[in-house]
Structure formats: C-alpha cells, structure tokens
Amino acid sequence: MKTVLRVLLVLALLFFTGLIAFAAGFGVSQLIGPRVELSQVLTPAIPTSPPTTFPTPPPPANTDEETFQLFWEVWEIVQREFYGELPDMQTVTYGAIRGMLETLDDEYTSFIEADIAAVTREDASGSFQGIGAFVRMRDDGELELVSIIPNSPAEAAGLMSGDRVLQVDGHSIVGLGVYEAIALIRGPAGSQVTLLIERPGQPELFEVTITRARIEIPLVESEMLEGNVAYIRLTEFSATATAQMESALEEMMAQQPVGLILDLRDNPGGWLDQAVSVADLFLGEGIVLIERGSDGSEQVFRSHDGQPYESIPLVVLVNGGSASASEIVAGAIQARGRGILIGEQTFGKGSVQRPYTLSDGSELRVTIARWYTPNDVAIHGEGLAPDIEVVLPETLEPGQDPQLERAVQYLLSGE
Amino acid sequence: MSKTGEKIVLALSVALIVVSCLTGGVLTQRLLHYRQQAAARGPMRIFWEAWYALEESFYGELPSPQTRTYGAIRGALAQLNDPYTIFLEPQPTTAERDRLAGAYGGIGADLWYDDSGAVVLSPYPDSPAATAGVRPGDLLLEIDHQTVAGLTLNDIQTRLRGEVGSQVTLTLSRPPTPPFELTITRAEIRVPSLSYRLLEQNPSIGYLHITSFTAHTAEETENAIAALLDGGATRLVLDLRDNGGGLIQPARDVADLFLDEGVLMFEVRRSSPEEVFYSRDGGPAADLPLVVLVNHSTASASEIVAGAIQARQRALLIGEPTYGKGSVQLIFPLSDGSSLHVTSALWLLPDHQPIAADGLLPDIVVAATEGQDAPLERAIRYFETGE
C-alpha cells in the first residue's frame with residue numbers, strides 16, 4: 001500500500017516537473033522566439049524569360065518587414081470591424097500588389113493573374129495546345145469564334161466563325177471571363193474536348209467533340225502585290241516570329257520582287273530577342289538597339305551580315321498601334337538608312353520588361369530598362385515619326401489602304 | 001540493484017523527463033509560432049515575391065518602402081468595394097480630426113467673395129479677429145504682406161491658420177478708410193457648426209441650419225433653440241441641407257432635442273449584437289411644430305436625424321431626396337500617424353429599415369431653384385397654411 005502511494009507520488013511529481021519544464025520551454029521560446037524566421041516564407045521569384053540567371057533576392061531587410069507591419073495593423077482592424085463581406089486572401093494579396101505597383105508611376109510594370117498569364121505565356125511561345133480558333137467575349141457573355149485557323153482541329157470539326165461556345169465538357173462557360181473560358185477549351189494535344197455550339201441562324205444547338213492539337217499561331221501574312229512588290233505582315237513578335245518570317249520571305253524572294261513592304265501596323269510587340277533577330281533579317285553588321293538600365297549599365301544588341309534580305313528596297317508600314325518590339329525593328333531600319341517608314345507616328349514604348357512568374361502562376365512584368373535606337377535616340381513617350389506620313393481618313397471603304405498604296409508607289413517610283 | 005543505483009536511475013529519469021518536456025515546450029511553441037506566421041503571411045507570399053522582384057530590377061527610383069506599403073494598403077482596401085473604407089496618410093488625418101473636433105488655430109472668421117471678387121471677412125463673435133478689430137464686411141487684401149488676389153478661399157483659409165499663439169498680419173480695406181494693417185494672435189477656434197435666426201418673412205419661425213455634426217454641435221443646437229424661443233419663435237425649420245454628417249453621438253443628441261421618448265436608431269455590427277439607441281422624454285423642442293429641410297447632400301449622420309424624425313412621424317421632410325449613406329465608419333489612428341476609416345456598422349431607422357441607397361424621400365419634394373430658396377419658402381407656406 002505504502003509502495004503504491006510512493007510510486008503514485010513519484011509519478012505525480014515527475015508529471016508536475018515535466019509540466020513545469022514544458023511551460024518553461026514554451027515560455028522561454030516565446031520570449032526569445034525566432035523573429036527572423038519570417039524570412040522563410042519569402043522565396044526567390046522565378047524568372048521566365050529572357051533566360052538569364054538572377055541573383056537570389058537579398059534576405060529581407062528587417063526594415064521592410066517592420067514598415068510593412070502597418071499593413072497588418074490595418075488588415076487586423078478590417079477583419080475585426082468591417083461590416084460586409086471580406087474578400088478571400090488571394091484577392092486581397094492581388095489588390096495589395098496592384099496598389100504597390102500604382103505607386104511606381106510606370107504603366108508597364110504590371111501584374112497579371114494566373115489564368116490570364118497562363119494563356120498569354122503560351123501564346124507568346126508562338127504555339128498553343130487547343131482547337132485552333134480565335135475567340136472574343138461578346139457583351140452578352142457568350143464566347144464567339146472570331147476566326148478559325150486553317151488546317152486546325154476546329155476547322156476539321158466544321159466550326160465556323162460566328163459560332164458561339166455555350167458549354168465546354170458539359171460546363172456552361174456563359175459569363176466567364178474570356179481567359180477562364182480559353183483555359184477550359186485548351187488542353188494537352190491529343191486530349192478531347194466537347195463543345196456545345198450555338199450557330200446563328202440555326203435553331204438547334206449541337207455538340208462537337210474535337211481532339212486538341214499543338215497549333216502554331218500564324219503570325220505572318222504575305223502576298224505578292226501588283227508590280228512584283230512583296231508584302232509581308234507580322235502581327236506579333238512571339239517566339240516563332242523570326243522562323244515564320246524567314247519561311248515567308250524565302251518563298252517570296254524566289255519570285256525576285258522589286259521591293260519589300262514590311263507591315264508592322266497594329267503589331268504590339270513581344271520578345272526582345274525576336275525583335276533583334278527579325279531586324280537582323282534585313283540589316284547587315286551594326287547596332288539594332290542599345291539597352292540601358294537605371295544604374296547606367298548598357299547592353300548593345302547587334303545585327304550581322306549574311307542574310308539574303310539585306311539589300312532589297314524596303315518600306316516599313318507603321319501606325320499608332322506599332323509598339324515596343326515593332327518600334328525596335330522600325331527604328332533600327334530607319335536610323336540605319338536601310339528603309340523608310342510610311343504611315344503614322346508609332347506608339348512610343350521605349351522600355352523593356354522582365355516577366356517574373358510568381359509561385360502561384362501569376363506574372364509580374366517589371367520595367368528593367370530603356371532602349372535607344374542605333375542613333376542613341378530615346379523614343380519613350382514619343383514614338384517614331386514616319387518618313388512619309390499618310391494619315392488614314394475617318395472612314396475607309398473595305399479593301400482600301402492608302403498607306404499600303406503609298407508604299408507600293410514609293411517602291412515602284414522611288415519617291 | 002543497490003539503493004544508490006536506484007537513486008541514480010531515478011535522478012537520470014527525472015532529468016530526462018525534464019529535458020524532453022522542456023524541448024517539447026520549445027518545439028510546441030515554435031510550431032504554433034510558425035503556424036501563426038504562415039496563416040498570416042502564407043497568402044501574402046506572392047506579394048513579397050513581387051516586392052523583391054521590384055527591388056531587384058525595377059528601372060528608375062523605387063518609392064520608399066513606406067510609400068509602397070501605403071499603396072499596398074490602398075490596393076487591399078479597394079478589394080472591399082466600399083468607398084467609405086479608406087486609408088489616410090498622416091497629413092490629412094490631422095486636418096480631418098481638427099475639422100471633426102471643431103477646433104484649430106486660426107483668427108476665427110468666415111470668408112467669401114463678393115460680386116467684384118473681393119474677399120470679405122466676417123469674424124465670429126469673441127474671436128481673435130473680432131477682438132483685434134476686424135469688422136463684418138472688411139475686405140482682405142494681404143496676408144503677411146502677400147496679396148490674396150488669385151488665391152482660392154481654401155488657400156486663404158490655410159494661410160490664415162497656424163499654430164495657436166502665432167501671429168498673422170492682415171491688410172484690410174474698409175472704404176472710405178485707406179487700407180490698414182491688423183496683427184492678430186491665432187487662437188484655438190471653435191468652428192460653429194450651425195447658424196440660426198428668426199426668419200425675416202415670418203419672425204415666429206425660428207430657422208436653424210446645422211452644417212455638420214462636430215463635438216460641440218449638440219450644445220450649440222441647444223443654445224440656439226433657447227435663443228430662438230427667447231426671441232419669440234413658436235415653430236422651427238431645421239435645415240440639414242448640405243450637411244454631410246460628421247460624428248454620430250452629437251447627431252443623436254441633436255435628434256433627441258426634437259423627440260420624445262422612443263427608438264432613435266439601431267446599429268448593426270459584424271460581430272456584436274444589434275444595439276438600440278433611444279431618445280429621452282422632454283427634449284426642449286419636442287413639442288414645437290417642426291419642418292426639416294433636406295437635399296442630395298444631406299448624408300450619413302444627417303440622414304439619421306432626418307430619418308428618425310420622419311420615421312417617428314415627428315415632422316415632415318421638405319426638399320430633395322437625401323444622399324443615401326447608412327453605414328458607419330470608425331476612425332482608427334494607426335501607429336505611424338496615419339488613420340483608417342472602416343465601415344463598421346449599418347444604421348437602421350426606428351422602423352428597423354436601413355437608409356435606402358437612393359436616400360430618404362421627402363414628404364414634400366421641392367427642388368432647389370436659382371435666386372430664391374424654394375424649399376424654405378415651401379416650409380414657411382406649410383407653417384402658414386398647414387399644408
């Protein structure tokens with residue numbers, strides 16, 4: 001009996017001692033708690049392209065964390081006091097990022113949410129895996145096929161421009177954002193997708209099942225014009241722009257044109273390396289552009305001899321929609337006296353962005369540099385002035401294109 | 001086993017238990033600490049990725065961490081879709097508090113432009129301006145020998161303000177006297193939140209215009225009612241036009257002056273039970289015939305006063321539909337001197353209805369007109385004809 005009591009007493013003592021030790025450990029740890037561990041949730045951002053390597057971000061300055069405490073002070077009050085629905089933390093985070101970017105006063109440093117970033121990133125690669133149709137979201141919330149890419153699965157399935165997609169694999173997409181809808185229709189090549197289609201003028205809805213494929217986005221349109229003038233239009237500087245330009249040029253050069261019109265109107269730009277290599281198609285040895293960072297660092301991008309398109313008479317068509325990479329190409333051709341610009345003043349985007357893919361798939365594009373023409377002229381906010389200005393009239397007859405006509409005239413008459 | 005061996009084993013076991021419990025305590029605390037941090041910051045992870053991407057490569061000068069933090073706060077608050085939940089940086093906060101507290105360092109005068117564009121002064125009674133000799137109607141030419149020509153009234157007000165005890169020299173014109181200078185020592189000025197008079201058209205009607213609800217408004221209103229009654233008023237026009245609100249407590253106290261016992265309003269909050277506010281019996285103007293004037297700029301606390309009076313059928317509202325803002329903002333001062341206005345509650349009228357988004361509908365709708373005060377004329381006619 002006595003032994004049992006003693007054992008119990010010892011056990012109780014041990015338990016009590018353990019409890020005190022636990023509490024002490026807990027308390028001491030709380031007091032000297034590892035405050036710096038905050039940094040562990042911060043990971044380096046992963047760059048996508050250009051494929052340079054970036055240093056790992058410096059360990060977070062504690063002052064940044066301290067300054068940012070105000071944000072949490074605000075948010076705790078809002079969580080406690082706000083009368084109304086609180087948005088989820090992702091929405092709040094996105095809002096905070098956008099709010100931070102607003103303070104930079106630079107419209108080109110921008111944040112793109114994951115679903116949109118996924119689509120634009122795939123597009124910029126020059127190809128995508130899907131059915132092969134261009135779409136737009138109508139005001140009534142229905143997704144309309146604007147055009148069908150030739151030889152695509154969409155064409156093979158008999159889809160036509162004007163068709164509307166109401167459901168994807170049985171799920172309604174009416175009212176979704178256009179990028180959300182596109183993300184549902186796209187998928188790995190070889191997989192199948194079933195669309196419910198409404199065709200204007202046809203009372204019955206119908207379903208089509210389409211096998212997705214990898215589809216190269218056509219970026220180039222070319223044709224031989226009257227007077228044996230070659231015409232080539234580039235719509236965007238995606239990753240396949242140079243390759244597509246080359247194959248179109250090769251085909252047309254076989255017909256020995258007297259001149260070449262490069263149409264960069266409404267071309268919003270794309271990758272910097274594509275701008276340089278497209279310019280290189282037409283330019284011999286020399287400077288294409290100079291890139292300068294705010295720390296004064298300078299990088300010169302050059303073109304090289306040895307392309308068969310370096311001497312053919314050249315006109316570049318530009319307008320207010322010719323931006324960024326388009327302006328690099330047009331600016332180099334103009335500055336180096338390689339050809340003339342016809343049309344209207346260009347957009348004037350003389351800055352370079354680096355895309356960062358953030359850990360949840362969203363994307364941050366950060367302005368990292370300004371670029372200058374081979375003559376060391378900055379075009380930011382100004383744009384390039386055409387050598388021959390041809391302003392389009394307010395209303396145009398279909399098929400009419402005074403800027404193109406002026407370019408043909410210039411190449412045929414030399415003025 | 002010997003007794004000594006037993007003791008050693010026991011001592012070792014105790015030590016082992018103590019150490020493992022201690023370690024357990026430390027680990028548990030750290031785990032909880034990480035969980036807490038992760039819960040708070042995990043979702044913000046990509047914010048920090050963006051933050052450091054900018055630090056790494058943004059072209060040009062990055063705004064300070066403070067500015068970026070302010071931007072992030074604004075951006076986060078924008079997601080609430082509530083125009084009244086706002087973040088104010090330190091500077092405007094002080095001015096705002098001054099305005100709501102009804103006090104600042106100044107000379108104590110109203111100003112406006114006359115037809116020729118000259119700036120006219122009208123000192124408050126017993127203000128530094130009045131004591132120094134400024135008379136109603138004096139024209140202001142210069143402040144500290146700098147002309148006021150070309151300045152907005154707001155700019156002029158700002159220049160007249162300053163620390164309590166500091167001095168400002170005004171150059172005034174009072175034709176036919178030649179321009180002269182007066183030096184005035186700034187003092188804390190209570191901005192009167194109302195004006196009142198017996199109506200010229202009918203001196204039995206007292207007219208009381210409350211322009212905003214500040215800390216002193218209830219007291220001022222009580223005094224004004226007493227003065228109007230003394231002057232012979234037997235009925236009152238309470239003008240809440242262009243009164244955008246202010247503090248709720250004074251607004252409730254003002255409503256109480258005009259109401260008998262009953263429900264004044266309800267306040268619904270996110271995390272606490274509904275609160276009911278009552279008016280008490282025996283308000284000094286509870287039995288006087290009353291009309292309330294409202295317009296599109298009658299908002300917030302003003303709508304509570306007008307809405308309670310209307311819902312309790314105490315008096316008619318005359319004028320235009322009101323603004324329609326029945327939410328309450330609490331103001332939280334933050335650690336760096338900035339402040340946060342948060343929509344924290346919803347006000348309900350005595351009939352337990354929120355103030356509609358399109359405002360209170362007057363019992364008699366009269367639109368404002370150029371040149372004459374049609375709603376006031378309509379109020380006078382209502383008193384005189386009973387309809």
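In which sense do strand 16 and strand 17 of chain A pair, and over how many bridges? The model is predicted, and in it these two strands pair in the parallel sense over four bridges. Strand 16 covers residues 314–318 and strand 17 covers residues 340–343. One position to look at is A:Val318, which stands opposite A:Gly343 in strand 17 of chain A.

That pair belongs to a wider arrangement.

Step back to chain A as a whole. Chain A holds 10 helices and 20 strands. Of its 415 residues, 36% are buried. Take the contacts in chain A between residues at least 6 apart in sequence: 67% of them join residues at least 24 apart.

One residue elsewhere in chain A deserves a stop. A:Glu144 lies in strand 5 of chain A, which covers residues 143–148. Is A:Glu144 buried, exposed or partly exposed? A residue needs 20 or more other C-beta atoms within 10 Å to count as buried, and 12 or fewer to count as exposed. A:Glu144 has 18 within 10 Å, so it is partly exposed. Leaving aside residues up to four places away in sequence, A:Glu144 touches A:Val135, A:Arg136, A:Arg138, A:Gly162 and A:Arg164. A:Tyr372 is another matter: 228 residues along the chain from A:Glu144, with 41 Å between the two C-alpha atoms.

Turn to chain B. Chain B has 10 helices and 19 strands. Why is chain B described as more spread out than a compact globule? Its radius of gyration is 30 Å, well over the 21 Å that the globule rule gives for 387 residues, so chain B is more spread out than a compact globule. The C-alpha trace of chain B spans about 115 × 55 × 45 Å along its principal axes.

Of the 387 residues of chain B, 37% count as buried. Among contacts in chain B with a separation of 6 or more, 65% come from residues 24 or more positions apart.

Finish at strand 13 of chain B, residues 262–269. Strand 13 runs antiparallel to strand 14 of chain B (residues 275–279), and five bridges join them. The two strands form a hairpin with five residues between them. Within this pairing, B:Val263 has B:Tyr278 of strand 14 as its bridge partner. Strand 13 of chain B is also joined to strand 18 of chain B (residues 339–348) by four bridges, and these two strands run antiparallel. Here B:Arg269 has B:Ala345 of strand 18 as its bridge partner.

Terms used. Residues are numbered from 1 along each chain as its sequence is written. Chains are lettered from A and ligands numbered from 1 in the order in which they are written. This is a predicted model: local features need pLDDT of at least 70, side-chain atom pairs count only at pLDDT 80 or more; totals for chains, interfaces and linings use all residues. Two residues are in contact if their C-beta atoms, placed from the backbone, lie within 7 Å. Two strands pair if DSSP finds at least two bridges between them. The radius of gyration is taken over C-alpha atoms; the globule rule is 2.2 Å times the number of residues to the power 0.38.
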